[in-house]
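Open the model in your viewer and keep the selection tool at hand. The tour goes from one selection to the next.

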Amino acid sequence: ILLALNYHELSVLYWRTEREAQSREMNNSALAALDGAPRSVAELQVMILKHKAILLADDQRYGEANTLLDTALEIALRSHDLGKNSLAYGQTLITKALLCIDTKNFDEARELYLQAIQIVEMCWGPHHPKMADLYDIFANHEKSVDKEEASHFFRKKSQDLRDWIKHSYKW
């Protein structure tokens, strides 16, 4: 977004000094920079807060990390572009669930990741390869807290998806 903004400002400066070719070139560069940008500034804020929370959790500053994740979730909820069914919201719930696992708050973790999986699956689609990775993470967690049935459920979903991907994408 900042790169796009910089190109736009250069475009305006070139336009004001009657350098049309350079102005058009900078304008095209601004548009090209936006092609890969997140959908909204709110989404960028959520991503940055989520990443900072991960860094804080790595330093075992769990309370601060949790506060940042709550803030990120609030931003997503208030955003017109995001909301409760957005990928940014779902991914932040996953991060919060993993934080709950780190702090041994297993019941809240389970509640969060069950909600997160539904959202992320809706955004990515049920056959996205990353869904199998999520299923594995939560299968491992469920096994670690002696929830064998839930662990088996997630492990089976992961394996079924990996099998589907393997058979669907024959090169």
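Select Tyr 113 and Phe 138 to begin: both are buried, meaning under 20% relative accessible area with a 1.4 Å probe and protein chains only, where over 50% is exposed and anything in between partly exposed. This is a predicted model, in which local features need pLDDT of at least 70 and side-chain atom pairs count only at pLDDT 80 or more, while totals for chains, interfaces and linings use all residues. Residues are numbered from 1 along each chain as its sequence is written, and side-chain values use heavy atoms, without hydrogens or water.

Next, show the rings of Phe 153 and Phe 154. Their centres are 5.4 Å apart and their planes at 70°, so this pair is edge-to-face. Rings of Phe, Tyr and Trp (its six-membered ring) pair if their centres lie within 6.5 Å; planes under 30 degrees apart count as stacked, over 60 as edge-to-face and the rest as tilted. Colour the two by accessibility: Phe 153 is partly exposed at 46% relative accessible area, whereas Phe 154, at 5%, counts as buried.

Tyr 113, Tyr 135, Phe 138, Phe 153 and Phe 154 form one aromatic cluster.

Move to Lys 50, in helix 3 (residues 41-58); helices are DSSP runs of H or I with at least four residues, numbered from the N terminus. What does Lys 50 touch, leaving aside its neighbours within four places in sequence? Select Leu 69, Gln 91, Thr 92 and Thr 95: Lys 50 is in contact with these, that is, heavy atoms lie within 4.5 Å.

Conventions. Helices (H or I, at least four residues) and strands (E, at least two) are DSSP runs, numbered from the N terminus.
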